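Here's a quick tour for anyone opening this entry for the first time. Take a look at the sequence and the model, then read on.

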There are 4 protein chains.
Amino acid sequence: MSTIIPKPSVPAPDILRCAYMEIVVTDLAASRAFYVDLLGLHVSYEDDQQIYLRSFEEFIHHNLVLTLGPIAAVKAFSYRVRHPEDVDLAEAYYKELGCRTERRKDGFVRGIGDSLRVEDPLGFPYEFFHEVQHVERLHMRYDLYSAGELVRLDHFNQVTPDVPRGRKYLEDLGFRVTEDIKDEEGTTYAAWMHRKGTVHDTALTGGNGPRMHHVAFSTHEKHNIIQICDKMGALRMSDRIERGPGRHGVSNAFYLYILDPDGHRVEIYTQDYYTGDPDNPVITWDVHDNQRRDWWGNPVVPSWYTEASLVLDLDGNPQPVIERTDSSEMAVTIGADGFSFTREGDEDGSYHGQAAKGFKLGNQV
Amino acid sequence: MSTIIPKPSVPAPDILRCAYMEIVVTDLAASRAFYVDLLGLHVSYEDDQQIYLRSFEEFIHHNLVLTLGPIAAVKAFSYRVRHPEDVDLAEAYYKELGCRTERRKDGFVRGIGDSLRVEDPLGFPYEFFHEVQHVERLHMRYDLYSAGELVRLDHFNQVTPDVPRGRKYLEDLGFRVTEDIKDEEGTTYAAWMHRKGTVHDTALTGGNGPRMHHVAFSTHEKHNIIQICDKMGALRMSDRIERGPGRHGVSNAFYLYILDPDGHRVEIYTQDYYTGDPDNPVITWDVHDNQRRDWWGNPVVPSWYTEASLVLDLDGNPQPVIERTDSSEMAVTIGADGFSFTREGDEDGSYHGQAAKGFKLGNQV
Amino acid sequence: MSTIIPKPSVPAPDILRCAYMEIVVTDLAASRAFYVDLLGLHVSYEDDQQIYLRSFEEFIHHNLVLTLGPIAAVKAFSYRVRHPEDVDLAEAYYKELGCRTERRKDGFVRGIGDSLRVEDPLGFPYEFFHEVQHVERLHMRYDLYSAGELVRLDHFNQVTPDVPRGRKYLEDLGFRVTEDIKDEEGTTYAAWMHRKGTVHDTALTGGNGPRMHHVAFSTHEKHNIIQICDKMGALRMSDRIERGPGRHGVSNAFYLYILDPDGHRVEIYTQDYYTGDPDNPVITWDVHDNQRRDWWGNPVVPSWYTEASLVLDLDGNPQPVIERTDSSEMAVTIGADGFSFTREGDEDGSYHGQAAKGFKLGNQV
Amino acid sequence: MSTIIPKPSVPAPDILRCAYMEIVVTDLAASRAFYVDLLGLHVSYEDDQQIYLRSFEEFIHHNLVLTLGPIAAVKAFSYRVRHPEDVDLAEAYYKELGCRTERRKDGFVRGIGDSLRVEDPLGFPYEFFHEVQHVERLHMRYDLYSAGELVRLDHFNQVTPDVPRGRKYLEDLGFRVTEDIKDEEGTTYAAWMHRKGTVHDTALTGGNGPRMHHVAFSTHEKHNIIQICDKMGALRMSDRIERGPGRHGVSNAFYLYILDPDGHRVEIYTQDYYTGDPDNPVITWDVHDNQRRDWWGNPVVPSWYTEASLVLDLDGNPQPVIERTDSSEMAVTIGADGFSFTREGDEDGSYHGQAAKGFKLGNQV
């Protein structure tokens, strides 16, 4: 569908990890209620235009910036690089790619120094920085530890029409794929890739894009995620629980997806596995495997496939959304044209003489 | 619809707790794989016709009897009574009710002494006993403790067409209601009632009956239940996870429903609350409250409403199933004629300007 | 050592459960910091003389009353009885025992109606009541749920010189023993007894008494208890962690002992087992079994054996403390004269050729 | 005391992570009972001379090799390097250091290819390899998941007399320090250092050495560690629980130390924090801070300070143990000459008028 993104001749910057996301929200008080009062993220700085938040174990200034604005969207997917000079490398790299870039020695947001923002080849606003203000690492401040405490930023997830194209670009940039979802005809539906030795720092989900699918924070244990659900129930916000909790097939993590007041999707995530060896085995899932996205076979709600947040260009305007032309994962797995299996090759789906239940969703009204 | 069941003039037996269920299974090896290999219940006795199982903390001979037979059904809902003489009281009680009864001094199954079985006014095969063989209580045998260990039998759940009729009968028998589900017109959809100081020893679910809805075992912690899901995923049995895991509204317990090879439904359950005071506050839930059955608003699959196990009469023949004539909970809450709310009185369902998501199920294909 | 306490001819009151403890504290603000800010108990009422606290799942007015006073001590061990008339029964019962009693129709503390307080035969201030103000049960208020949430009052623990004498008195009163600690010569060191179907509502610990050993609250899961330790570490209060966390031998519960600002001992406790059957097997532990008080063999600190809170008579004066004349558990198990075993009959204590480690404490400086 | 170890002029190998330890055990069946039956490590290969074990989430051939031999000792601390050529780099590096080295193209143990073993400047048998046989990663095999499952090898811990000397050597080799313990006079008692982005791949503990202090495996959650204690209690092995469970000050991890049949110490460990950024803040603990090694102030047993395993040279002979000449952590913190504080500057140690408890251990017999 689109041209291959060439690998630049200059070296890629040495990316450490996904570091923070800047999102535009339309009601700062409502977002504060969500991220601070409900989720318990810790405020590093706030005024009437922005709130800077960090997780329990973080020592850099923030993992999330909420910026007040007219259109709910994502302003930056920001990565930390190993050395100050990696920002220079990033600048040269994206310039060779022909991307629009902007460099600010004092950073685009508080707490961050010399930074590069780019409109990347997939249309996403990527940022690279090394200099950052250190703040108190709260990791032993158990007097501040809530029952659903978010302890780290774990990853980003991006929606893009052509996953293989995006994957090649990110592999060139130094990311390593850990898992993906394909079908027997070779179509790729999603891919997970990392820098920091977990399953991912970012993932590509096939769909109309560029859009932001979710940003994920991790907890220490599974009960912390259950508490977030319980608290949302108590606050009568259960309709903002979109999907889960459950166990992912891909990544093996325990997960939950919830929606903020602007509809930005947040994943709460725990207990994936170490991937830091260069020959870490890549796991490819069959798109028809009904346990790939939920190991327990619980249905993926359609909104999870179709909804996502706009992303902004460097002028702050929403990037146009380009339609995916490859098959959609939703279409090939549920509904009239799709199918899923629990046991591959299990022809009649029968289980000890019981009639097949088929796909669970089919049993619902 | 049916006549009120009168309260006998003789005293009711003093029931301690639900003690065990005897179920007929059609493939003993398949059932053993499910209850022993998957769920880790402990075998007290087995031969080629029956398997006797108990939970980790139990000291009486068994909590579940699997009996090989031609038709999957329930043979007995068995309660332990406080004193040997309570079996006599039970016999007199049911005789006055005009029920068919059968008394066996040596018990109907191994490990149990003097017992009474009855065809109760609702059509269920109830058993009452006091004498029982003690076996090793495994509660400190952590060398046998599996990651998804079932530690107690918690409760039964029975489907009956007329819940208020059944409730009155069980209250006369000494059960106390802890929670129920009603609508604004006074229809009762379900009621939970106990003897042992938890939310229930049995519950009545409105529907075509008499049928057995589920039998429930409890775990120590929530992660034990998650492990059962994970293990079913690993064994490619995710299509036998029917509903959950989730947090109940009613009972406040963390739950999971799974299906055995014959389709008998088993609940795994943990962390309800103390109800032993006589003035324990009864909680009545609005049938339209979308958090009543799942505190997180996750949908109840239709099979959970419609499927249940047959129960047998004292000759071993299935009891005829009588249709419910009151409104069905499924019909009034989902689909074309039903509605559910997340926030009562939340007219447009909007949330911070986001369009209402409505009932989550409606978003599914 | 002392005379046997006779069983009264009148029936004992029907006790439901331990309901609350009233303790005298010498610095109300310091106690509030401990019970409210640290432990997260919920305030039902407070003024400058008293604070009324309840646990997460409680529906009666309180489980703990902190009363400002000059001497740190316990003012009442209060039990709820099944019916209003049980207070009359209690009054007659203790009058026949020759105990000093005081009846107040409006209660001794807020939230409680008609009550009887007695100086019981062991010298403890016991209270019996039925009437009580209901308050909001917070059991689903997960918006208020802290990471170390205390969900129920579980039990009291009393120090008395002559355990068999006290045990007989409490059995006459309707308590049932679940576990005890003895030696081969028949000396009883402690006994646990219940009304509500758990391992205990109160326990007798052999020692100089009458004194209050501890009051115990339960959590849902083990990690909740660990969080309390972590929080005490963060607040640099680790010297108020007296013992644990650990797994009890007796009761099989996971436990922690901490000390409030006045030195009143509080246990945090979770996951004992059901004991409601009348033939619940009693477990007798050998006093020399090194796993009886900590299943992992971790040492009991001497202060845990020797320190306890004074109790008050009905005039508010401390009851004189009478010395235990039977052997002390500390003396027979640790130090020069005592011994403990990990494996009974394990003569040389060797383990796969490794020299015996003996009692762990012996390895400490 | 000893000469500084110079930094070689050749580049250090790029170490990925600690990968496995080879230990000599004197009774293979007894060790199998410990590591397989008790701890549940998974067997990759075994014969009558060796057992190869791996953790739940591992994909390389093994994390632990048990080799039958006459003297319990450690044969290799083995690190995986990023590229095959890093083994060449390691060889050149240690040759320049003047160390004895041995290279085997087919590895020293099964499953591992081209390897270098060295007698390093501190006297430890270090190994470096890249080539390794992949085996089934069991990370989703929840049918094999035990209640106390060990999911990863986390780190080694080495005893050496001169910690600063060893630290410099390891920093030259590419390790980065995350935490250390010092006193006001500048003595270093221990240091933690990593390659893989956790608190450590190895640590240096000041003491008579070279000896192996422990090897650590991690679990997913804290309850998994508690289960291991509970199981050891059930197996009457509580005297092999040496220390814990507890929360470390250093590393913030939840921990347990147990002893294998030969006295090799194993740590079970969970939930430290991300350290992968180059400017990750180093935490220095005061040796007198009583929460440094146990955040809850629980005492460190003396055996934990004094006992450790011998290490072997390349001929299989035990390395001579050299005495530490710097102050010992045990001596400066407990006993007649030592002191510890809970609150720095808390002169009299009083707490709300309660007399100081002082160091908890002092209260023990």
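What follows is a short briefing, sorted by topic.

Keep in mind that this is a predicted model.

**Cavities and pockets**

- Rolling a probe the size of a water molecule over the atoms shows where empty space is left.
- Sorted by class, the lining of the largest cavity splits into 12 nonpolar, 17 polar and 16 charged residues.
- Then there's the second largest pocket, with about 550 Å³ of space.
- That pocket has 23 lining residues, and Arg82(B), Arg195(B), Arg82(C), Arg176(C) and Arg195(C) lie nearest its centre.
- Two elements give two or more residues to the lining of the second largest pocket: β1 (15-25) of chain B and β1 (15-25) of chain C.
- By class, the pocket's lining has six nonpolar, seven polar and 10 charged residues.

**What the record says about chain A**

- An unreviewed UniProt entry puts the feature "domain: VOC" at residues 17-131 and 152-271 of chain A.
- Residues 17-131 of chain A are 20% helix and 41% strand, and the C-alpha atoms at the ends of this span lie 14 Å apart.
- Residues 152-271 of chain A are 19% helix and 46% strand, with end C-alpha atoms 12 Å apart.

**Helix α1 of chain A**

- Helix α1 of chain A covers residues 28-38, and its buried residues are Leu28(A), Ala30(A), Ser31(A), Phe34(A), Tyr35(A), Val36(A) and Leu38(A).
- An α-helix has 3.6 residues a turn, so residues three or four places apart point the same way.
- What caps the N-terminal end of α1(A)? Asp27(A) does, with a side-chain oxygen 3.2 Å from the backbone nitrogen of Ala29(A).
- After α1(A) comes Gly40(A), which has a positive phi near 75°.

- Most residues other than glycine have a negative phi, and most peptide bonds are trans.
- Gly244(A) and Pro245(A) are joined by a cis peptide bond, with omega about 5°; Pro245(A) sits in strand β14 (residues 241-247) of chain A.
- Another cis peptide bond links Gly209(D) and Pro210(D), with omega about 10°. Pro210(D) is found in the loop between β12 (202-206) and β13 (211-218) of chain D.
- Ser251(A) isn't a glycine, yet its phi is positive at about 90°. You'll find Ser251(A) in the loop between β14 and β15 (254-259) of chain A.
- Is Ser251(A) buried or exposed? Ser251(A) counts as buried, because its relative accessibility is 1%, under the 20% cut-off.
- Asn252(A) also belongs to the loop between β14 and β15 of chain A, and its phi is positive too, near 65°. At 2% relative accessibility, Asn252(A) is buried.

**Cysteines**

- A disulfide is a covalent bond between the sulfur atoms of two cysteines.
- How many disulfides are there over all chains? The count is zero.
- Cys18(A) is buried at 2% relative accessible area, and Cys18(B) is buried at 2% as well.

**A few single residues to look up**

- Thr284(A) is part of strand β17 (residues 283-286) of chain A and is partly exposed, at 47% relative accessibility. Between Thr284(A) and Gly40(A) there are 35 Å, C-alpha to C-alpha, and they're 244 residues apart in sequence.
- Glu179(B) belongs to strand β10 (residues 176-182) of chain B, and with 1% relative accessibility Glu179(B) is buried. Its C-alpha atom is 7.7 Å from that of Val199(B), 20 residues apart along the chain.
- Ala12(A) sits in the segment before β1 (15-25) of chain A and is partly exposed at 26%. Ala12(A) and Gln133(A) are 121 residues apart along the chain, with 24 Å between their C-alpha atoms.

How values were computed: Residues numbered from 1 in each chain as written. Chains lettered and ligands numbered in written order. Predicted model: local features only at pLDDT ≥ 70, side-chain atom pairs only at ≥ 80, totals over all residues. Heavy atoms only, no water. Disulfide = S-S within 2.5 Å. Buried < 20%, exposed > 50% of the residue type's maximum accessible area, 1.4 Å probe, protein only. UniProt positions renumbered as here; feature names shortened; annotations may be inferred. Helix = DSSP H or I, 4+ residues; strand = E, 2+ residues; numbered from the N terminus. 1 Å grid on protein atoms, 1.4 Å probe; cavity = no way out; pocket = protein on both sides within 12 Å on 5 of 7 lines; lining within 4 Å. Points joined across faces, edges and corners; volume = space filled by probe spheres on them. Nonpolar A, V, L, I, M, F, W, Y, C, P; charged D, E, K, R; others polar. Polar contact = N/O pair within 3.5 Å; in protein donor to acceptor, adjacent residues only side chain to side chain.
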